[in-house]
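Here are some worked exercises for getting to know a protein model. Have a go at each task before you read its solution.

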Amino acid sequence: MIDRATIDRIMDATNIVDVVSDFVTLKKRGANYIGLCPFHDDTHPSFSVSPSRGICHCFTCGKGGNAVNFLMQLENLSYPDALRWLARKYNIEIREKELTAEEKKQETERESMFLVNEWALKYFENILHNDPDGKAIGLQYFRSRGFRDDTIAKFHLGYSLMDRRAMSTAALKEGYKKEFLIKTGLCYQRDNGELVDRFAGRVIFPWFSLSGKVVGFNGRVLDSRTHGVSQKYVNSPDSEIYHKGEELFGLNQAKQSIRKADSVILVEGQADVISMSQSSVENVVAGSGTALTQQQIRKLHRFTDNITLIYDGDDAGVNAALKNSDLIHTEGMNVKVLFLPDGQDPDDFSKSHTPEELRKFIDDNSTDSILFRIEHTLKGVTDPIKRSTAINAVVQSIAIVRDPILRDTYVRECSQRTGVPEETLIQQMNRVIRHNIDERRKQKEREEARENFQQQQQVPQQDATATTAAASSPIPQPATFTRATAEEQTSKVEDLLMEAIIRYGNKIIFHNVENETTGEKTNLTVAQYVAYDLRLDGLSFSSPTYNKILQEAVEQSGNPDFEPVTYFSHHPNINIATIASRMSVDKFQLSDSLKINYDEKDIRDGVLHMILDFRLNYVETHLEEIRKQLMQTKDNEKMMQLMSEFQKMQQIRNILAQKVGSNIVL
């Protein structure tokens with residue numbers, strides 16, 4: 001629904017470094033930027049961003065592409081939604097025509113759920129600010145908690161009316177489907193088929209993805225109604241777009257502040273996040289009311305290596321801090337802990353102190369988690385056995401730390417504070433490290449064995465299905481040879497030739513070539529020569545997308561500003577952009593002194609060799625197809641035609657093989 005001109009404006013305005021930086025903290029290295037890959041558990045920066053080419057690439061898992069590819073993969077966005085995200089970022093207006101009824105049906109389930117949540121967000125906000133009950137109950141509640149109007153707007157807080165059918169009735173009236181109201185968790189259905197609003201009578205805290213999409217909601221009953229209520233808070237249930245174990249409240253609003261401060265503060269409640277943000281401490285997020293998960297930690301690790309945990313100073317808070325510190329250390333982050341005085345939570349503490357006092361208190365009282373563990377675990381422990389157990393617990397935590405220099409520092413500190421020789425602590429730590437490695441190996445073997453068992457269980461069913469299908473299918477009839485058209489069926493030589501076109505399509509490799517018809521002399525680029533050579537024998541790529549890339553490269557050859565990598569990596573056709581982004585990335589990261597600059601002769605020789613390979617591959621594939629037809633046909637006349645064609649193709653194959661330098665055994 002977005003026209004080509006608008007797409008071009010979006011891609012022209014897009015800065016790949018700006019886009020990736022919204023999700024990953026990047027550091028400059030030479031002409032490029034690097035950071036931790038957001039697509040896998042990355043411990044050493046392997047994600048590279050090239051501003052000159054406008055692409056990103058992970059040298060470990062291989063994911064990346066241009067800005068649109070990146071957003072589609074990371075945030076599970078459709079192609080149009082990725083473009084809309086970029087348009088919002090760069091303030092580019094998109095005019096779209098209204099979807100027809102048929103087009104609405106084609107919207108994916110995931111996109112439909114996002115649309116319903118987006119509508120619900122606006123509905124809850126509108127009720128809060130414009131409905132009499134919303135203003136008298138919901139807005140008054142937020143203001144009584146000390147939230148300013150600008151803060152309420154920043155976090156898009158809302159209110160759901162007491163009527164348990166109010167929201168669902170409004171949604172159905174607007175044309176939103178019942179099934180998506182249920183799948184998003186906004187409503188649930190009674191046995192009689194009646195829809196019930198899940199968040200009725202509650203103030204609303206929306207949860208956003210990193211890209212700003214509404215993934216879920218949290219509803220809280222008002223203070224006057226908490227007595228006797230079994231569920232003070234109600235969350236959206238897990239769905240295709242919302243997983244409690246992966247989301248962090250406030251991260252979308254805090255990501256820039258986290259990057260700027262190079263630190264993130266993790267608290268327990270949504271109100272804590274809002275109050276601290278209102279007090280100018282904006283690099284703060286909260287979990288989802290469940291145990292902290294590795295997915296949540298990895299999401300934070302994209303932006304910073306440093307995290308501070310703020311908990312109540314009671315036993316539950318201390319235990320949670322110690323447990324989560326170990327979990328965070330396994331992901332390679334540096335952890336500090338902070339306990340607030342007098343049983344206060346961050347919400348209360350923020351309101352009773354100025355922003356300057358709050359920031360100073362955090363800076364002055366945050367303690368390294370390992371040092372805190374040493375002090376807390378050994379405090380008042382004199383019994384030798386209990387002291388040994390406590391020191392072992394400290395050593396186990398130190399063993400989790402990934403950085404060897406930091407581990408050594410902790411060991412030295414532990415030795416000084418406990419009186420245990422460093423050598424003894426190191427020996428014990430090494431035993432723990434070896435044990436942990438062994439446990440991870442066993443766990444991996446168990447997972448692999450489980451996967452193998454599941455695959456073996458599925459094989460008989462697949463074989464049986466295949467046998468049944470084969471028995472019911474007629475014998476394949478001889479068919480005229482045709483090249484594969486599916487993109488995944490392209491041959492290796494086709495991929496290499498296409499890579500040459502994308503990388504060097506505008507490079508001139510033949511000068512002053514005379515046109516046999518007009519007598520004019522012209523220069524031929526890589527793209528022009530490949531197209532000309534293949535056209536001589538009516539050949540083409542097996543992939544329509546490859547053919548389109550070649551055609552456009554030829555058409556653009558007369559344009560002096562044509563740069564194939566940039567042109568195709570930012571192509572409005574997402575398949576072309578994906579292919580170009582993948583093929584334009586160097587397979588290895590080399591320093592500038594080691595990079596090879598190919599001259600005209602190198603490129604020409606490579607292209608000529610690949611075209612010969614292309615023809616040889618075509619002939620060998622054709623020969624294999626003729627063999628299959630010979631085995632299937634019983635018609636003598638047809639057999640003689642095939643034999644004659646087979647012999648001709650063999651002769652061509654041998655000539656090509658000699659040029660390529662292959663040895664063919666007949």
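**Exercise 1. Two helices**

Are α3 and α25 roughly parallel or roughly perpendicular to each other?

*Solution.* First, a word on what you're looking at: this is a predicted model, where local features need pLDDT of at least 70 and side-chain atom pairs count only at pLDDT 80 or more, while totals for chains, interfaces and linings use all residues. Residues are numbered from 1 along each chain as its sequence is written, and side-chain values use heavy atoms, with hydrogens and water left out.

Step 1: find helix α3 at residues 67–75 and helix α25 at residues 574–583. Helices (H or I, at least four residues) and strands (E, at least two) are DSSP runs, numbered from the N terminus.

Step 2: look at the axes, which come within 9 Å and cross at roughly 100 degrees. Axes are lines fitted to C-alpha atoms, for helices over the stretch in contact, with angles from 0 to 180 degrees between N-to-C directions.

Step 3: α3 and α25 are therefore roughly perpendicular (65 to 115 degrees; under 35 is roughly parallel, over 145 roughly antiparallel, the rest oblique).

Step 4: see who touches whom. Val68, Asn69 and Met72 of α3 meet Ile574, Ala577, Thr578 and Ser581 of α25 (contact means heavy atoms within 4.5 Å).

**Exercise 2. A hairpin**

Work out how strand β9 is placed among its partners.

*Solution.* Step 1: β9 covers residues 202–208, and seven of its seven residues are buried (under 20% relative accessible area; exposed is over 50%, partly exposed in between, with a 1.4 Å probe and protein chains only).

Step 1: take β6 (residues 158–159), which pairs with β9 in the antiparallel sense over two bridges. Strands pair if DSSP finds at least two bridges between them. Here Gly158 stands opposite Ile204.

Step 2: turn to β10 (residues 214–221), joined to β9 by seven antiparallel bridges.

Step 3: β9 and β10 make a hairpin with five residues between them, and Gly212 in the turn has a positive phi of about 95 degrees.

**Exercise 3. One residue's surroundings**

Is Glu600 buried or partly exposed, and what does Glu600 touch?

*Solution.* Step 1: Glu600 lies in helix α26, residues 600–632.

Step 1: Glu600 has a relative accessible area of 34%, so Glu600 is partly exposed.

Step 2: leaving out residues up to four places away in sequence, Glu600 touches Ile508, Ile509 and His511.

Step 3: the side chains of Glu600 and His511 make a polar contact at 3.0 Å (a pair of N or O atoms within 3.5 Å; within protein, one must be able to donate a hydrogen and the other to accept it, and residues adjacent in sequence count only if both atoms are side-chain atoms).

Step 4: the C-alpha atoms of Glu600 and Tyr504 are separated by 9.9 Å, though the two residues are 96 apart along the chain.
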